[in-house]
Protein chains: 2
Amino acid sequence: MRLSTKGRYAVTAMLDLALHGDSGPMTLSDISANQGISLSYLEQLFAALRVKKLVRGVRGPGGGYYLAKPTKEISIAEVVCAVDEWVEFTRCGGKEDCQDGQRCLTHSLWNDLSSQIYEFLDKISLADLVARGVKIEAEAENEDQTKITQNPESVAAA
Amino acid sequence: MRLSTKGRYAVTAMLDLALHGDSGPMTLSDISANQGISLSYLEQLFAALRVKKLVRGVRGPGGGYYLAKPTKEISIAEVVCAVDEWVEFTRCGGKEDCQDGQRCLTHSLWNDLSSQIYEFLDKISLADLVARGVKIEAEAENEDQTKITQNPESVAAA
DNA sequence: CTTTTTCCAAGCGCGATACTTGGTTATTTC
DNA sequence: GAAATAACCAAGTATCGCGCTTGGAAAAAG
């Protein structure tokens, strides 16, 4: 999956929506002001998010955007994939049967990494981020020790 | 860290070198023919790899490139970072103190993911890939079940 | 009808990618 | 020493995605 600032923008904007909570829809102008992202760029991002049914827009004065699902049901991976469309990490895209040997090796390496990244982001919901924010605010500032267990042999192992 | 085809090219080329083994230096022309990468693009990649002391070039007829270290001591992360130079995932780059709240949340999220990816690739050496290739060749074709244990709470946890 | 907001389309400047062209060194072979 | 080989080096080019701009349209509220 591709990882660029585009996906980050989308996540930040969605998080803004999530934090805004249930007090009516939120306008893109507000998010633009909050996050320093241009309005029309946000429009493009939200167009993609809308297609993927992650947000719901209402027009007219007092309108804006809602989250289409509860924060718990929206994963970061969903958000990123909506705007930063998935591009194959591998060159031959699977169809061109990779001439055995080196290409196939790196092929599976990138596939592993790719699904690795996806799983990482898929297990984190907007609700998780919100909860984390509440905790950070409450606990002043102490460095968190985010560690993820990982077995390196898994790749070398057939 | 950035992940693009550039890094994949570098890894594939290095793997080609690794598989070529100790039978003298390998020319970029050979790699170019093997991998379908243009010669001068390879030259640029290898210029970067040479600066990072991952390969050693010898000129003249019969010349080419050696790996500068044993395959076991070259991690995929090293190779990728050599050509695909590290770009900050976060916007403010750390110096601009992120105005507390949303940005800080996604900030640490991307940092976690970034180091996550780096660690994943750093724990895999060229030797691992070579070994994996030998196994794949030996065992005909049965799908591997590469799984990496991961605790999703680590991100939400403060 | 005017205002607000989402929706929509086209284009632009920039930077990176993958590649080309056209060289220059250094080293070996004849 | 001349020719061939192959690493080195510099500059430029086409293309593509990003982040943003411009200029609108349609829907909803006052």
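I started at one base: a polar side-chain atom of Glu43(A) sits 2.7 Å from a base nitrogen of DNA strand C. I call that a polar contact, meaning a pair of N or O atoms within 3.5 Å; inside protein, one must be able to donate a hydrogen and the other to accept it, and residues adjacent in sequence count only if both atoms are side-chain atoms.

Ground rules before going on. This is a predicted model, where local features need pLDDT of at least 70 and side-chain atom pairs count only at pLDDT 80 or more, while totals for chains, interfaces and linings use all residues. Residues are numbered from 1 along each chain as its sequence is written, chains are lettered from A and ligands numbered from 1 in the order written, and side-chain values use heavy atoms, leaving out hydrogens and water.

**Entry 1: strand C**

Which residues come nearest to DNA strand C? Of the 26 around it, I noted Glu43(A), Tyr65(A), Thr5(B), Ser40(B) and Pro61(B). A residue is near a strand if one of its heavy atoms lies within 4 Å of it. Sugar and phosphate make up 66% of the atoms of DNA strand C that come within 4 Å of the protein.

I then looked at phosphate oxygens. One lies 3.1 Å from a polar backbone atom of Lys6(B). A phosphate oxygen is also 3.5 Å from an N or O atom in the side chain of Asp84(B). The elements giving two or more residues to this surface are helix H3 (39-51), strand S1 (55-58) and strand S2 (64-67) of chain A, together with helix H1 (5-20) and helix H3 (39-51) of chain B. My helices (H or I, at least four residues) and strands (E, at least two) are DSSP runs, numbered from the N terminus.

By class, I have eight nonpolar, ten polar and eight charged residues near DNA strand C. For that sorting, Ala, Val, Leu, Ile, Met, Phe, Trp, Tyr, Cys and Pro are nonpolar, Asp, Glu, Lys and Arg are charged, and the others, Gly among them, are polar.

**Entry 2: strand D**

DNA strand D has 27 residues around it, and the closest are Thr5(A), Ser40(A), Tyr41(A), Glu43(B) and Tyr65(B). Of its atoms within 4 Å of the protein, 64% belong to sugar or phosphate and the rest to bases.

I found a phosphate oxygen of DNA strand D 3.0 Å from a polar backbone atom of Lys6(A). A phosphate oxygen is likewise 3.0 Å from an N or O atom in the side chain of Arg50(B). On the base side, an oxygen is 3.4 Å from a polar backbone atom of Pro61(B). H1 and H3 of chain A, plus H3, S1 (55-58) and S2 (64-67) of chain B, each supply at least two residues here. The class tally is nine nonpolar, eleven polar and seven charged.

**Entry 3: chain A overall**

I counted off seven helices and two strands in chain A. Along the sequence they read α-α-α-β-β-α-α-α-α. Of its 158 residues, 46% are buried, where buried means under 20% relative accessible area, exposed over 50% and partly exposed in between (1.4 Å probe, protein chains only).

**Entry 4: helix H3(A)**

How far apart are the end C-alpha atoms of H3(A)? They are 18 Å apart, which agrees with the 18 Å that its 13 residues should span at 1.5 Å a residue; the expected span is 1.5 Å times one less than the number of residues.

The buried residues of H3(A) are Leu42(A), Leu45(A), Phe46(A) and Leu49(A). They lie on the same side of H3(A) because they cover an arc of only 100° around the axis, taken from the directions from the helix axis to the C-beta atoms. An α-helix has 3.6 residues a turn, so residues three or four places apart point the same way.

The buried residues pack against H1, helix H2 (28-35), S1, S2 and helix H4 (76-83) of chain A. Gln44(A) and Val51(A) are exposed on the other side of H3(A). After the helix comes Lys53(A), with a positive phi near 60°.

**Entry 5: Thr12(A)**

A polar atom of its side chain lies 2.4 Å from the backbone oxygen of Arg8(A). Leaving out residues up to four places away in sequence, Thr12(A) touches Gln35(A) and Thr106(B); contact means heavy atoms within 4.5 Å.
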